[in-house]
Amino acid sequence: TSHTWFWNLIQNDFQSGNTDLDGCIRLLEKMQIKFDEDHLKHIFKKTIDKHTGDIISMDDFRAIYRALVHRPEFEELFKAYSIDGNILPDGQLLKFLAKEQFQTEANETTALEIIMKYEPIDEVRKRRQMSFEGFIRYMNSEECSIFKIQHRSIYQDMTQPLCDYFISSSHNTYLIADQLMGPSDLWGYSSALLKGCRCLEIDCWDGHNNEPIVYHGHTLTSKIPFRSVIHVIERHAFMSSPYPVVLSLENHCSPKQQEVMAECLKSILGDKLLSAPLGGEVDITQLPSPEALKFKVLIKNKKVGTLEQGMLRMEEDYVGEAEEVSDSDVPSDDDYPEEMSPVRSRSPSKRKGDRRSSPPPQKRSKMRKTKIALALSDLVVYTKSQKFVGFEHSLQYQKCWENNSIGESQARKLAKVSASQFIAHTTRFITRIYPKGSRMKSSNYNPQEFWNVGCQMVALNFQTPGPFRELQDGKFLDNGGCGYVLKPAFLRDRNTTFTPRNVGAHSRPMSLSIRLISGHQLPPSAMSKTNKADPTVQIEIYGVPEDQAKRRSSVVKSNALCPKWNETFSFNIQVPELAMIRFCVEDEVSLVNKDFLGQYTLPVMSLNTG
């Protein structure tokens, strides 16, 4: 039956009797077979080397199809459950689901649904059976992906306060290369939004003709109009997620151009812009939820006075259209290499928020006055930028709708010496972490150490690939890729006793066993003239310090098409809710040199069994 089905499928493409490489590619695409062109070309060349010319017959194509699709490891599995080696009845498929995939709740209906969905041969499907062709299609489907299919859609409670979520966040979103001379581009915004990013950064400066511009100030990076940035955000904001987008403004503009910014935001974003508290409620004791703020854009900037004053415009000191807010200009080393002595921040950009007059001023701090246009100030509702002074200060004076931005160096020190206070802080207030200024080449820090203490907006340079960027991609694959991931209960509870170095009663140990079976059509080595590589796999666990681990497989020589390892790795994970797992495939060029071939990173809690 399988034989007849295959011939019927391809015969129209072989009316002339033969086909070439392009015809072979078209046919595989028509059959929806995934293939790597380097490997296909290599297999095709081996096939035509057996006879003259550069065309193949139907029999040759079948051999190529089998080399790409009929993996021996699938065949072994299929034959272990098949009664005659050719067919898998629904009852045997059910046994496979229970024993191999650990689907204890699977029943006859489950098995039948799989057959109906994946079995390509009509005759076999009608008999409620599965052929090897159907089994291959099922094994290659998202249902058998290492990533849980249930986590590909939004499944978490989205009605908790905003501060209860990890939020996908970008640093200097407009940059698509380095921080000093690279181009600024609108693509930075559309690309980040399409990847599910929910917090974008916009550096705003005065431009010509009263039109604000966006670029990395005091550098040679190119400039783009603020108006164009907002148009791009309006167009792409909710394409990949319905949940709120936060625009984090690094505002260096004069009050006059701030008014232009406010007009742009209102006229371009229209109803998408959140410009007043939901239901007119100004006495807020907790932030609204992502669900309540669906399809809304929030502005993160300094604000003059309280929400109520903004709403009623009744503050006595209002003069004209702009007002001064004071900033505590505390020396910070976050914009400079850690080994340099602390100096003052390079720009007001990292001194967001105002310091109220009621708390005593910090030692050695200077007061800086910044003028904020009321038109822009009034657009700030739940995300007021507030200068971070200290945890005690925040606990005493900070409102739930005031957020802090903390540089990575300071945040790292705080996470080390005051982890419990840091976590208590992030249960109440949205905290954004940003890279230090010495990362001129747009490198990234490890976001895990800040997720471990509950920081919501851990902003990375989206344009820079690498393990830390891939950790963020993996983290936000969860919950349907919507850009919001609910924090574990122990990072939401204001009375929590959890810290990353003392997990205590919050430990829910998981014993994780990974059998690395094989690879298929891995990218060939850059050193190879054909389709070869010497692949090795590193499995890495990121999480609380106790859970960090790395294991490496053996090297399979000269095989990128179908390397086999059959090695088992075991991990004991104390806090699986925070743990990430990364599979990194490398080509061993020499004993000391390995080239990156590919990777996949995902949350441990999103791992599929089977």
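Student: Is L512 buried or exposed?

Tutor: The reading rests on a cut-off: a residue is called buried when its relative accessible area is under 20%. In this predicted model, L512 has a relative accessibility of 10%, and therefore counts as buried. L512 belongs to strand β16, which covers residues 510-518.

Student: Which residues is L512 in contact with, leaving aside its neighbours within four places in sequence?

Tutor: The contacts of L512 are I541, F569, S570, F571, I573, I581 and L607. Sequence and space may also be compared for a pair of residues. L512 and T52 are 460 residues apart in sequence, and their C-alpha atoms are 52 Å apart in space.

Student: Where does V555 lie, and how is its accessibility to be read?

Tutor: V555 is in the loop between β18 and β19. Its relative accessibility is 27%, so V555 counts as partly exposed; that class runs between the limits of 20% and 50%. Beyond the residues up to four places away in sequence, V555 touches D534, P535, T536 and E588. V555 and W565 are 10 residues apart along the chain, with 8.3 Å between their C-alpha atoms.

Student: What may be said of N172, and is N172 buried or exposed?

Tutor: N172 is not a glycine either, and its phi is positive, near 40 degrees. N172 sits in the loop between β3 (165-167) and α10 (187-194). With a relative accessible area of 2%, N172 is buried.

Student: How should I read a helix, and which residues of α16 are buried?

Tutor: The general idea is that an α-helix has 3.6 residues a turn, so residues three or four places apart point the same way. In helix α16 (residues 408-417), the buried residues are E408, S409, A411, L414 and A415. These buried residues pack against α15 (391-397), β12 (402-407), α17 (419-426), β13 (431-434) and α18 (448-451).

Student: What is the general idea behind a nonpolar core, and which residues touch the most other members of the largest one here?

Tutor: In soluble globular proteins, nonpolar side chains tend to be buried together. The largest nonpolar core in this protein has 44 residues, and F61, Y65, M130 and Y138 touch the most other members. At least three of its residues come from domain 1 (1-69), and at least three from domain 2 (72-144). A second, separate core has 36 residues, among them A192, L247, L269 and L379.

Student: Where is Y138 found, and what does Y138 touch?

Tutor: Y138 is found in helix α9, residues 132-139. Its relative accessibility is 0%, so Y138 counts as buried. Apart from neighbours within four places in sequence, Y138 is in contact with F96, L97, Q101, Q103, I114, Y118, M130, E143 and C144. As for distance, Y138 and P467 are 329 residues apart along the chain, and 30 Å separates their C-alpha atoms.

Student: Into which domains is the protein divided?

Tutor: The division gives domain 1 (1-69), domain 2 (72-144), domain 3 (162-325 + 367-491) and domain 4 (504-606). Taken over C-alpha atoms, the centres of domain 3 and domain 4 are separated by 35 Å. Their contact takes 15 residues from domain 3 and 16 residues from domain 4.

Student: How many helices and strands does the protein have, and what do the overall totals say?

Tutor: The secondary structure comprises 19 helices and 21 strands. The C-alpha trace spans about 90 × 55 × 50 Å along its principal axes. Of the 610 residues, 56% are buried. Of the contacts between residues at least 6 apart in sequence, 72% join residues at least 24 apart.

Notes
Residues are numbered from 1 along each chain as its sequence is written. This is a predicted model: local features need pLDDT of at least 70, side-chain atom pairs count only at pLDDT 80 or more; totals for chains, interfaces and linings use all residues. Side-chain values use heavy atoms; hydrogens and water are left out. Helices (H or I, at least four residues) and strands (E, at least two) are DSSP runs, numbered from the N terminus. Buried means under 20% relative accessible area, exposed over 50%, partly exposed in between (1.4 Å probe, protein chains only). Contact means heavy atoms within 4.5 Å. A nonpolar core is a set of buried Ala, Val, Leu, Ile, Met, Phe, Trp, Tyr and Cys residues joined through side-chain atoms within 4.5 Å. Domain bounds come from an automatic or database domain assignment.
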